[in-house]
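Below are some notes for a colleague who has not seen this structure before. Please read them with the model open.

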Amino acid sequence: MIYLDHAASTPARPEARAAMEPWLADAGNPSSLHAAGRRARRAVEDARERVAARLGADPKEIVFTSGATEANHLALLGVAGHVVTTSIEHASVLELCATRVAPDAEGVVSAKDVAAAVTPKTVLVSVMAVNNETGAVQPLEAIRRALPKGVLLHTDAAQAVGRFPVDLAVADLVTFSAHKIQGPKGVGGLRVRKGVALAPLLKGGGQEFERRAGTENVAGIVGFAAALDLACAALAEDVARQAALRDRLEAGLGGTRNGPAAGRAAHLANVAFEGVDGEAAVLALDAEGVCVSSGSACASGGTEPSHVLLAMGQSKARAKAGIRFSLGPSTTEAEIDAAVQAARRVVERLRKR
Ligand code: PMP
(Lines give C-alpha, C1' and ligand atoms only; values in the text may rest on other atoms or scores of the structure.)
Protein backbone atom coordinates (compact mmCIF):
# COMPACT_ATOMS: atom_id res chain seq x y z
CA MET A 1 0.00 0.00 0.00
CA ILE A 2 1.20 3.48 -0.84
CA TYR A 3 -0.08 5.94 1.73
CA LEU A 4 -0.31 9.49 0.41
CA ASP A 5 -2.92 10.86 2.79
CA HIS A 6 -0.65 12.34 5.46
CA ALA A 7 -2.83 15.45 5.70
CA ALA A 8 -5.67 13.27 7.02
CA SER A 9 -3.44 11.41 9.46
CA THR A 10 0.04 9.99 9.75
CA PRO A 11 1.49 6.73 11.09
CA ALA A 12 2.81 7.14 14.64
CA ARG A 13 6.60 7.18 14.94
CA PRO A 14 8.19 4.22 16.74
CA GLU A 15 9.73 6.71 19.20
CA ALA A 16 6.31 8.18 20.01
CA ARG A 17 4.91 4.69 20.54
CA ALA A 18 7.85 3.77 22.78
CA ALA A 19 7.37 6.93 24.85
CA MET A 20 3.66 6.12 25.28
CA GLU A 21 4.08 2.46 26.10
CA PRO A 22 4.80 2.77 29.88
CA TRP A 23 1.75 5.00 30.35
CA LEU A 24 -0.80 2.88 28.54
CA ALA A 25 -1.29 0.58 31.52
CA ASP A 26 -0.25 3.02 34.24
CA ALA A 27 -2.74 3.61 37.03
CA GLY A 28 -1.62 7.10 38.04
CA ASN A 29 -4.05 9.99 37.74
CA PRO A 30 -1.99 13.19 37.45
CA SER A 31 -4.31 14.85 39.97
CA SER A 32 -3.72 12.21 42.67
CA LEU A 33 -1.45 13.07 45.57
CA HIS A 34 0.25 9.67 45.89
CA ALA A 35 3.43 8.48 44.19
CA ALA A 36 1.67 7.04 41.13
CA GLY A 37 -0.22 10.30 40.63
CA ARG A 38 2.88 12.41 41.07
CA ARG A 39 4.75 10.32 38.51
CA ALA A 40 1.98 10.80 35.96
CA ARG A 41 1.89 14.54 36.76
CA ARG A 42 5.63 14.78 36.15
CA ALA A 43 5.24 13.05 32.77
CA VAL A 44 2.49 15.47 31.70
CA GLU A 45 4.38 18.55 32.90
CA ASP A 46 7.61 17.40 31.27
CA ALA A 47 5.69 16.98 27.99
CA ARG A 48 4.08 20.39 28.46
CA GLU A 49 7.50 22.03 28.88
CA ARG A 50 8.81 20.37 25.73
CA VAL A 51 5.76 21.30 23.66
CA ALA A 52 5.88 24.88 24.97
CA ALA A 53 9.56 25.18 24.07
CA ARG A 54 8.86 24.02 20.53
CA LEU A 55 6.07 26.57 20.19
CA GLY A 56 8.06 29.39 21.73
CA ALA A 57 5.50 29.57 24.54
CA ASP A 58 5.41 29.37 28.31
CA PRO A 59 4.33 25.95 29.65
CA LYS A 60 1.38 27.62 31.38
CA GLU A 61 0.14 28.69 27.96
CA ILE A 62 -0.29 25.10 26.73
CA VAL A 63 -3.72 23.49 27.14
CA PHE A 64 -3.87 19.84 26.07
CA THR A 65 -7.12 18.73 24.44
CA SER A 66 -8.45 15.73 22.53
CA GLY A 67 -7.15 17.22 19.28
CA ALA A 68 -7.45 20.15 16.94
CA THR A 69 -11.24 19.96 16.67
CA GLU A 70 -11.63 20.50 20.41
CA ALA A 71 -8.89 23.14 20.48
CA ASN A 72 -10.70 25.06 17.74
CA HIS A 73 -13.94 24.84 19.72
CA LEU A 74 -12.20 26.07 22.87
CA ALA A 75 -10.71 29.04 21.01
CA LEU A 76 -13.90 30.07 19.24
CA LEU A 77 -16.49 29.28 21.89
CA GLY A 78 -14.30 30.36 24.81
CA VAL A 79 -14.49 34.00 23.84
CA ALA A 80 -17.62 36.09 24.15
CA GLY A 81 -18.36 38.15 21.07
CA HIS A 82 -18.31 38.23 17.29
CA VAL A 83 -15.83 36.01 15.48
CA VAL A 84 -14.53 36.46 11.93
CA THR A 85 -13.08 33.54 10.00
CA THR A 86 -12.45 32.46 6.40
CA SER A 87 -14.43 30.22 4.10
CA ILE A 88 -11.51 27.77 3.69
CA GLU A 89 -11.28 26.69 7.34
CA HIS A 90 -11.62 23.18 8.65
CA ALA A 91 -15.25 22.32 9.42
CA SER A 92 -14.55 22.50 13.16
CA VAL A 93 -14.00 26.26 12.79
CA LEU A 94 -16.36 26.94 9.92
CA GLU A 95 -19.43 25.52 11.59
CA LEU A 96 -19.01 27.76 14.65
CA CYS A 97 -18.75 31.00 12.81
CA ALA A 98 -21.01 32.91 10.44
CA THR A 99 -18.74 35.70 9.18
CA ARG A 100 -16.50 34.10 6.58
CA VAL A 101 -13.99 35.87 4.37
CA ALA A 102 -13.46 34.34 0.91
CA PRO A 103 -9.95 33.64 -0.44
CA ASP A 104 -8.63 34.46 -3.92
CA ALA A 105 -8.63 31.91 -6.74
CA GLU A 106 -5.45 30.33 -5.37
CA GLY A 107 -6.93 29.83 -1.93
CA VAL A 108 -5.17 32.66 -0.09
CA VAL A 109 -7.14 35.18 1.98
CA SER A 110 -6.14 38.83 1.98
CA ALA A 111 -5.38 40.71 5.19
CA LYS A 112 -7.37 43.65 3.84
CA ASP A 113 -10.50 41.55 3.36
CA VAL A 114 -10.16 40.02 6.82
CA ALA A 115 -9.75 43.44 8.43
CA ALA A 116 -12.76 44.74 6.49
CA ALA A 117 -14.98 42.03 8.00
CA VAL A 118 -14.10 43.09 11.55
CA THR A 119 -16.85 45.06 13.34
CA PRO A 120 -16.75 46.89 16.68
CA LYS A 121 -18.30 43.71 18.16
CA THR A 122 -15.51 41.44 16.85
CA VAL A 123 -13.39 39.88 19.60
CA LEU A 124 -11.55 37.21 17.64
CA VAL A 125 -10.34 36.49 14.11
CA SER A 126 -9.59 32.88 13.19
CA VAL A 127 -7.45 32.15 10.13
CA MET A 128 -5.75 28.82 9.56
CA ALA A 129 -1.95 28.77 9.11
CA VAL A 130 -1.85 26.20 6.29
CA ASN A 131 -4.93 25.03 4.42
CA ASN A 132 -5.43 21.27 4.71
CA GLU A 133 -6.66 20.79 1.15
CA THR A 134 -4.39 22.98 -0.96
CA GLY A 135 -1.44 23.66 1.36
CA ALA A 136 -1.89 27.43 0.85
CA VAL A 137 -0.04 29.34 3.59
CA GLN A 138 -2.17 32.20 4.91
CA PRO A 139 -0.67 35.66 5.57
CA LEU A 140 -0.92 35.66 9.37
CA GLU A 141 1.61 38.43 9.91
CA ALA A 142 -0.16 40.80 7.53
CA ILE A 143 -3.50 39.90 9.11
CA ARG A 144 -2.14 40.64 12.58
CA ARG A 145 -0.87 44.03 11.38
CA ALA A 146 -4.24 44.84 9.77
CA LEU A 147 -6.31 44.01 12.87
CA PRO A 148 -7.39 46.65 15.33
CA LYS A 149 -5.71 46.45 18.73
CA GLY A 150 -7.61 44.26 21.16
CA VAL A 151 -8.93 41.82 18.55
CA LEU A 152 -7.50 38.36 19.24
CA LEU A 153 -5.96 36.26 16.47
CA HIS A 154 -6.49 32.50 16.50
CA THR A 155 -4.85 30.17 14.01
CA ASP A 156 -5.65 26.54 13.35
CA ALA A 157 -2.09 25.33 12.80
CA ALA A 158 -2.91 21.60 12.67
CA GLN A 159 -1.15 21.41 9.28
CA ALA A 160 1.74 23.66 10.32
CA VAL A 161 3.01 22.84 13.81
CA GLY A 162 5.85 20.34 13.39
CA ARG A 163 5.15 20.24 9.70
CA PHE A 164 5.89 23.48 7.94
CA PRO A 165 7.66 26.55 9.28
CA VAL A 166 5.19 29.38 9.79
CA ASP A 167 5.58 32.26 12.23
CA LEU A 168 2.94 31.41 14.81
CA ALA A 169 4.15 33.99 17.34
CA VAL A 170 1.78 36.56 15.81
CA ALA A 171 -1.24 34.55 17.02
CA ASP A 172 -2.72 34.73 20.52
CA LEU A 173 -4.26 31.28 20.18
CA VAL A 174 -2.72 28.40 18.24
CA THR A 175 -4.37 25.03 17.58
CA PHE A 176 -2.22 21.92 17.08
CA SER A 177 -2.77 18.18 16.71
CA ALA A 178 -0.53 15.16 17.35
CA HIS A 179 -1.71 12.75 14.68
CA LYS A 180 -0.69 15.10 11.88
CA ILE A 181 2.94 14.85 12.91
CA GLN A 182 3.39 11.13 13.50
CA GLY A 183 2.02 11.22 17.01
CA PRO A 184 -1.09 9.47 18.37
CA LYS A 185 -4.67 10.28 17.39
CA GLY A 186 -6.96 11.91 19.94
CA VAL A 187 -4.56 14.44 21.42
CA GLY A 188 -3.57 17.98 20.57
CA GLY A 189 -4.00 21.35 22.16
CA LEU A 190 -4.24 25.08 22.16
CA ARG A 191 -1.58 27.63 22.97
CA VAL A 192 -3.34 30.39 24.90
CA ARG A 193 -1.20 33.48 25.22
CA LYS A 194 -0.84 34.82 28.75
CA GLY A 195 -3.56 37.33 29.55
CA VAL A 196 -6.14 35.97 27.10
CA ALA A 197 -9.47 35.37 28.84
CA LEU A 198 -10.95 32.09 27.70
CA ALA A 199 -13.88 30.23 29.28
CA PRO A 200 -13.58 26.43 29.44
CA LEU A 201 -15.83 24.25 27.29
CA LEU A 202 -15.43 21.28 29.59
CA LYS A 203 -16.08 22.04 33.23
CA GLY A 204 -15.90 19.94 36.34
CA GLY A 205 -12.22 19.81 37.23
CA GLY A 206 -9.30 22.14 37.60
CA GLN A 207 -7.08 20.45 35.03
CA GLU A 208 -5.19 22.37 32.34
CA PHE A 209 -5.20 25.60 34.35
CA GLU A 210 -9.00 25.37 34.66
CA ARG A 211 -9.35 25.58 30.90
CA ARG A 212 -10.16 21.94 30.17
CA ALA A 213 -11.58 19.62 32.79
CA GLY A 214 -10.99 15.87 32.57
CA THR A 215 -8.19 13.47 33.46
CA GLU A 216 -5.25 14.10 31.18
CA ASN A 217 -4.49 11.67 28.35
CA VAL A 218 -1.06 10.94 29.82
CA ALA A 219 0.11 8.45 27.18
CA GLY A 220 -1.18 10.64 24.35
CA ILE A 221 0.41 13.80 25.72
CA VAL A 222 3.76 12.07 26.24
CA GLY A 223 3.57 10.56 22.74
CA PHE A 224 2.77 13.94 21.27
CA ALA A 225 5.76 15.62 22.93
CA ALA A 226 8.06 12.88 21.59
CA ALA A 227 6.63 13.21 18.08
CA LEU A 228 6.86 17.01 18.13
CA ASP A 229 10.48 16.99 19.30
CA LEU A 230 11.47 14.68 16.45
CA ALA A 231 9.37 16.53 13.87
CA CYS A 232 10.86 19.89 14.84
CA ALA A 233 14.43 18.58 14.96
CA ALA A 234 14.17 17.34 11.37
CA LEU A 235 11.81 20.02 10.06
CA ALA A 236 14.05 21.83 7.55
CA GLU A 237 15.31 18.57 6.10
CA ASP A 238 11.84 16.98 5.94
CA VAL A 239 10.30 20.04 4.29
CA ALA A 240 13.03 20.18 1.63
CA ARG A 241 12.67 16.45 0.88
CA GLN A 242 8.89 16.60 0.71
CA ALA A 243 8.92 19.72 -1.49
CA ALA A 244 11.18 17.93 -3.98
CA LEU A 245 8.96 14.83 -3.93
CA ARG A 246 5.82 16.96 -4.23
CA ASP A 247 7.28 18.71 -7.29
CA ARG A 248 8.22 15.35 -8.79
CA LEU A 249 4.67 14.10 -8.16
CA GLU A 250 3.06 17.16 -9.77
CA ALA A 251 5.37 17.04 -12.77
CA GLY A 252 4.56 13.35 -13.27
CA LEU A 253 0.82 13.74 -12.81
CA GLY A 254 0.17 16.71 -15.07
CA GLY A 255 -3.36 18.02 -14.56
CA THR A 256 -4.15 21.39 -13.00
CA ARG A 257 -2.89 22.47 -9.62
CA ASN A 258 -5.33 23.80 -7.01
CA GLY A 259 -3.52 26.28 -4.80
CA PRO A 260 -0.72 28.79 -5.19
CA ALA A 261 2.55 27.98 -6.98
CA ALA A 262 4.57 29.54 -4.18
CA GLY A 263 3.65 30.01 -0.56
CA ARG A 264 2.32 26.58 0.15
CA ALA A 265 3.28 23.77 2.45
CA ALA A 266 5.56 21.05 1.10
CA HIS A 267 3.39 18.08 2.01
CA LEU A 268 0.30 18.84 -0.08
CA ALA A 269 -0.52 18.58 -3.76
CA ASN A 270 -4.09 19.11 -4.93
CA VAL A 271 -4.59 18.29 -8.59
CA ALA A 272 -7.60 18.21 -10.91
CA PHE A 273 -7.87 16.26 -14.15
CA GLU A 274 -10.43 17.53 -16.59
CA GLY A 275 -13.35 15.17 -17.02
CA VAL A 276 -12.33 13.02 -14.03
CA ASP A 277 -14.43 12.96 -10.86
CA GLY A 278 -12.22 13.23 -7.78
CA GLU A 279 -14.12 10.68 -5.74
CA ALA A 280 -14.12 8.14 -8.57
CA ALA A 281 -10.36 8.66 -8.89
CA VAL A 282 -9.85 8.17 -5.14
CA LEU A 283 -11.74 4.87 -5.25
CA ALA A 284 -9.91 3.71 -8.37
CA LEU A 285 -6.55 4.64 -6.84
CA ASP A 286 -7.50 2.78 -3.69
CA ALA A 287 -8.11 -0.31 -5.81
CA GLU A 288 -4.56 0.18 -7.14
CA GLY A 289 -3.25 0.32 -3.58
CA VAL A 290 -2.77 4.08 -3.38
CA CYS A 291 -4.45 6.02 -0.54
CA VAL A 292 -5.31 9.63 -1.38
CA SER A 293 -8.40 11.75 -0.81
CA SER A 294 -10.74 14.17 -2.46
CA GLY A 295 -11.39 17.13 -0.21
CA SER A 296 -10.51 16.51 3.41
CA ALA A 297 -11.01 13.24 5.25
CA CYS A 298 -13.59 14.83 7.50
CA ALA A 299 -15.71 15.80 4.53
CA SER A 300 -15.22 12.57 2.58
CA GLY A 301 -17.85 9.96 2.48
CA GLY A 302 -20.21 12.53 1.02
CA THR A 303 -20.47 13.51 -2.60
CA GLU A 304 -20.42 17.24 -1.95
CA PRO A 305 -17.69 19.20 -3.71
CA SER A 306 -14.88 20.59 -1.57
CA HIS A 307 -15.94 23.76 0.26
CA VAL A 308 -12.38 25.05 -0.10
CA LEU A 309 -12.31 24.74 -3.89
CA LEU A 310 -15.82 26.23 -4.13
CA ALA A 311 -14.68 29.16 -1.98
CA MET A 312 -11.81 29.66 -4.44
CA GLY A 313 -14.48 30.36 -7.06
CA GLN A 314 -14.46 27.00 -8.82
CA SER A 315 -17.60 25.53 -10.39
CA LYS A 316 -19.21 22.55 -8.66
CA ALA A 317 -17.94 20.21 -11.39
CA ARG A 318 -14.39 21.57 -11.17
CA ALA A 319 -14.41 21.47 -7.37
CA LYS A 320 -15.45 17.82 -7.51
CA ALA A 321 -12.41 17.01 -9.63
CA GLY A 322 -9.82 17.89 -6.98
CA ILE A 323 -7.62 15.04 -5.72
CA ARG A 324 -5.41 15.58 -2.68
CA PHE A 325 -2.08 13.80 -2.43
CA SER A 326 -0.32 14.43 0.87
CA LEU A 327 3.18 13.40 1.84
CA GLY A 328 4.93 12.69 5.10
CA PRO A 329 8.51 12.34 6.30
CA SER A 330 8.35 8.62 5.49
CA THR A 331 7.31 9.11 1.85
CA THR A 332 9.85 7.75 -0.66
CA GLU A 333 10.68 8.55 -4.27
CA ALA A 334 9.70 5.01 -5.26
CA GLU A 335 6.24 5.56 -3.73
CA ILE A 336 5.83 8.83 -5.64
CA ASP A 337 6.82 7.20 -8.92
CA ALA A 338 4.46 4.27 -8.38
CA ALA A 339 1.63 6.64 -7.43
CA VAL A 340 2.21 8.66 -10.62
CA GLN A 341 1.98 5.51 -12.74
CA ALA A 342 -1.20 4.40 -10.96
CA ALA A 343 -2.78 7.85 -11.28
CA ARG A 344 -2.03 7.99 -14.98
CA ARG A 345 -3.68 4.61 -15.51
CA VAL A 346 -6.69 5.68 -13.47
CA VAL A 347 -7.13 9.01 -15.23
CA GLU A 348 -6.91 7.37 -18.64
CA ARG A 349 -9.44 4.72 -17.66
CA LEU A 350 -11.90 7.17 -16.11
CA ARG A 351 -11.70 9.50 -19.07
CA LYS A 352 -12.66 6.65 -21.41
CA ARG A 353 -15.83 5.96 -19.44
N1 PMP B 1 -7.87 21.51 11.48
C2 PMP B 1 -7.22 21.13 10.38
C3 PMP B 1 -6.62 22.17 9.49
C4 PMP B 1 -7.09 19.78 10.08
O5 PMP B 1 -6.44 19.40 8.97
C6 PMP B 1 -7.67 18.82 10.93
C7 PMP B 1 -7.59 17.35 10.62
N8 PMP B 1 -8.36 16.96 9.50
C9 PMP B 1 -8.34 19.27 12.07
C10 PMP B 1 -8.43 20.62 12.31
C11 PMP B 1 -8.97 18.30 13.04
O12 PMP B 1 -7.96 17.73 13.82
P13 PMP B 1 -8.23 16.58 14.88
O14 PMP B 1 -8.38 15.34 14.08
O15 PMP B 1 -7.01 16.57 15.76
O16 PMP B 1 -9.45 16.94 15.64
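1. Three strands form an open sheet in the order β9-β10-β12, with antiparallel pairing. Strands are DSSP runs of E of at least two residues, helices are runs of H or I of at least four, and both are numbered from the N terminus. Two strands pair if DSSP finds at least two bridges between them. The edges of the sheet are β9 (256-257) and β12 (322-326), each pairing on one side only.

2. This is a predicted model, in which local features need pLDDT of at least 70 and side-chain atom pairs count only at pLDDT 80 or more, while totals for chains, interfaces and linings use all residues. Residues are numbered from 1 along each chain as its sequence is written, and side-chain values use heavy atoms, with hydrogens and water left out.

3. Strand β10 (residues 268-272) pairs with β12 in the antiparallel sense over 5 bridges. Asn270 stands opposite Arg324 in β12.

4. Helix α8 covers residues 218-233, 16 residues in total, and reaches 23 Å from its first C-alpha to its last. That is close to the expected 22 Å, which is 1.5 Å times one less than the number of residues. In α8, 13 of the 16 residues are buried (under 20% relative accessible area, 1.4 Å probe, protein chains only).

5. A search of the whole structure finds 1 aromatic pair (ring centres of Phe, Tyr or Trp, the latter by its six-membered ring, within 6.5 Å). The rings of Phe176 and Phe224 have centres 5.5 Å apart and planes at 15°, so the pair is stacked (planes under 30 degrees apart). Phe176 lies in strand β7 (residues 173-177) and Phe224 in helix α8, so the pair ties together parts 48 residues apart in sequence. Both Phe176 and Phe224 are buried.

Notes: Buried < 20%, exposed > 50% of the residue type's maximum accessible area, 1.4 Å probe, protein only. Phe/Tyr/Trp six-rings, centres within 6.5 Å; stacked < 30°, edge-to-face > 60°.
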